[in-house]
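These are my notebook entries on a structure that was new to me. I wrote each one down in the order in which I looked things up.

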2 protein chains.
Amino acid sequence: MMKDIGIGLLGLGTVGSGVARVLRDKASSLAEQAGASLVLKKVLERDITKPRALKLEPRMLVNHIEEVITDPKVDIVIEVIGGEHPAFEYIKQAITNGKHVVTANKEVIAKYGYELLSLAQKHNVDLRYEASVGSGIPLISPFQQDLAANDISAIYAILNGTTNYILTQMSQEGLDFSLALKQAQELGYAEANPANDIEGIDAAYKLAILSSLAFHTAVKPQDIYCEGVSRLQVSDFRYAKEFGYAIKLLAIAKRVDKAIELRVHPVFIPEDSQLAKVNGVYNAIQVEGDLAGKLVFYGQGAGALPASSAIIADVLTIARNICHGVTSYPKVELNQKLVVKPMTNIKTRYYFRLNVADRPGVLAQISKVLGDNSISISSVIQKESNPISQTAVIVIMTHPAEEKAVQKALGEIRQLTMVKEISNFIRVEG
Amino acid sequence: MMKDIGIGLLGLGTVGSGVARVLRDKASSLAEQAGASLVLKKVLERDITKPRALKLEPRMLVNHIEEVITDPKVDIVIEVIGGEHPAFEYIKQAITNGKHVVTANKEVIAKYGYELLSLAQKHNVDLRYEASVGSGIPLISPFQQDLAANDISAIYAILNGTTNYILTQMSQEGLDFSLALKQAQELGYAEANPANDIEGIDAAYKLAILSSLAFHTAVKPQDIYCEGVSRLQVSDFRYAKEFGYAIKLLAIAKRVDKAIELRVHPVFIPEDSQLAKVNGVYNAIQVEGDLAGKLVFYGQGAGALPASSAIIADVLTIARNICHGVTSYPKVELNQKLVVKPMTNIKTRYYFRLNVADRPGVLAQISKVLGDNSISISSVIQKESNPISQTAVIVIMTHPAEEKAVQKALGEIRQLTMVKEISNFIRVEG
């Protein structure tokens, strides 16, 4: 007879229900692959009386974490509550009680990953989190395993489907930001409170996880410079196209000697690059290794089914180890002590869009400020003269310049009386 | 003191030298990750007196397989000789002698994978082959692990960089096939005898490996319908563009109920699809799973460094298992008995290019033949009248039709006196 491996599920929202359904619907094929039956034993849900589409045995539903983590029949705890608290405490308690843990929680792993992995190691249990970044796109295990021989030099990634959907609508349909956001909310791609997505915080959590793996160094979310997409306007996309670029919210991690750059912000990228072609709610992660070269992983970065794909894969890995009698626990490899480069020292090219008085000499003044700050211009277009307001739009692309110099120059340009407004400035990569 | 794990290397060509270099140059970081030193003990090379750029201790070089596989200090054998014989026999002997094996050999794995994996299981050793498909692109382990919970419905893949380079040059530079091939040879992308690449045989080996993993069924190379790229002409690319398509050599595996379609041939794919945008020597593999949805993996499909990335990753996995005292061996999961659908029953859309007499009624005759065979036309263009030869070109796109009916119709069209030549016909996907 086949051994049972007991599963405790924390959370029965969209992802939790998806996981429960897959465990039920694919029971026999999963058992065959695991070498044991994966049996849902306990499900933690705040309101266990709430009517729900997914039918579960009532005795399975519990509303106290202790009932899950002290159940000797539970071998693996799946955490899909999301958010920092109480998920972090629950995971900790589960590990301390000797349970293997599979989580989809980017915030907890980004903030407490090292602590939890060390705890898991101490308690001889596994902690897996494939679903926390890119959902069903294999990323954590490729970094841990397939790319292990590589020195990673850079990650460029579209890690947030919500903002990528919004930017795609702005670019392709000419919708302005608020309208594109509203559409994303109506389609269920964006939350009622979209701050985490549109401010780049969600992407920063995921970048912290990936860059810790890639560079074997402890990266915290607060190490990552973070700028959202709400400042972008349709005209920026129009100018980007004119210069041969697309605009994407990228999460970027680059290694330069003993330092790493870590940042999430809108970026001009060449329109013929792989990432420029990623549209809608899709995610894509470009990794550059010294051996493998440039790799791109592309897929759905959210949704109950893609998350279940990654979560169940993690469960299967743990189940196989249990069946083989292997005490597998995560190896914590944060032996590199890399410094995070301050944002002011970053060097990139820039796009500026300025609203200026439509008078002779204005470009000369702006060029002088840039020149005085050692910023050289690669191209400039002046257009959209408005005869009523007597203003014009100047768009400038620069050669690589240091962030510090650029910010200083922008401050000085803002003081010029002929400059009505610095409408936008966006960094350029590639 | 750290344990030594001994490596035996079979073959010291481009890939073998790359692997030896990485083992030497990254020794300390690999040791840290493996938990043991990975030490090259023996290198099998036909001519051990040949001068070479890579300096190895002379006593390491041997020219008899027995010296590698009977060496008690060798734990893992890396096979990078390539080709069917003697690589197959060597792998078999290594396994029988209780050595773990890592191979990059697509031909051997495609033809004898099941046999070798079963043998490895019997001898309690591991057999890993991540480098055999897509080189440094993680594929084998994502299929075995990350996608394990998915029912895979389809694979569409660009698996041969040489042909993709040739097709890119034909499409972008308007080079004809023989010139593009010559260029690929000069750049070292194509062999002096390019048959395996341009006939699609190389891609078929790789598809056999991937589809065995995806569908848990034994797929042999001879199960795969295979058609190369040498029939393609520059005008086909021009018409493809006119219709909004790109032409790629795709390896396709699709599951339809209890049957699978397996084929490698040139395909029209929509120019805005992810695969259409893969240019040059790059590979890309699109996988469709019921949970993960559509995933695409993109990267360099060849070269010494990308191959080393995959090979060393496999070595690290085995080394970690040895260090943990785990007897890991491959689980052979070919429990699905799926039937390969005969090519004549495949249903796709078609592109035809015909050279016809420039006279009234010719299109009517052709349309009648198609209609009689239940093939309906979705669009047609007639152009390039040649006043001297009094011929014209007719290009037809059809709705989905059965291969059998299409071949019958083409036979009948060939008999029409007004049709000078069926210049080409290419299947259309997506």
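Before looking at any strand, I noted that helices (H or I, at least four residues) and strands (E, at least two) are DSSP runs, numbered from the N terminus. The model is predicted, so local features need pLDDT of at least 70 and side-chain atom pairs count only at pLDDT 80 or more, while totals for chains, interfaces and linings use all residues. Residues are numbered from 1 along each chain as its sequence is written, and chains are lettered from A and ligands numbered from 1 in the order in which they are written.

Entry on Ala246(B). I located Ala246(B) in strand β9 of chain B, which covers residues 245-256. Is Ala246(B) buried or exposed? A residue is buried if 20 or more other C-beta atoms, placed from the backbone, lie within 10 Å of its own, exposed if 12 or fewer, and partly exposed in between; Ala246(B) has 22 C-beta neighbours inside 10 Å and therefore counts as buried.

I followed an open sheet of six strands in chain A, in the order β3-β2-β1-β4-β5-β6, with parallel pairing; two strands pair if DSSP finds at least two bridges between them. β3 (61-62) and β6 (127-128) of chain A are at the edges with a single partner strand each, so one side of each has no neighbour in the sheet. Strand β2 of chain A, residues 37-44, is joined to β3(A) by two bridges, and there Leu44(A) stands opposite Val62(A).

Entry on the core. A nonpolar core is a set of buried Ala, Val, Leu, Ile, Met, Phe, Trp, Tyr and Cys residues joined through C-beta atoms within 7 Å. The largest one has 277 residues, and those touching the most other members are Ile78(A), Leu207(A), Val315(A), Ile78(B), Leu207(B) and Val315(B). I checked Val315(A), which, not counting residues up to four places away in sequence, touches Ile7(A), Leu38(A), Ile76(A), Ile78(A) and Val102(A).

Entry on the two chains. I read that chain B can be laid on chain A by a turn of 180° and a shift of 0.0 Å along the axis, with an RMSD of 0.0 Å, the copies being superposed by least squares on the C-alpha atoms of residues with pLDDT of at least 70 in both. This is the relation of a two-fold axis. Which residue of chain B comes closest to the rotation axis? Phe297(B) does, with its C-alpha at 2.5 Å.

The contact between the chains takes 42 residues from chain B and 41 residues from chain A. On the chain B side, α2 (27-34), α6 (140-146), β12 (293-300) and α12 (304-323) each supply at least two residues. Of the interface residues of chain B, 98% are also interface residues in chain A, so the copies meet through the same surface. Finally, I saw that strand β12 of chain A, residues 293-300, pairs with β12(B) in the antiparallel sense over three bridges, and that Val296(A) has Tyr298(B) as its bridge partner.

Methods. Two residues are in contact if their C-beta atoms, placed from the backbone, lie within 7 Å.
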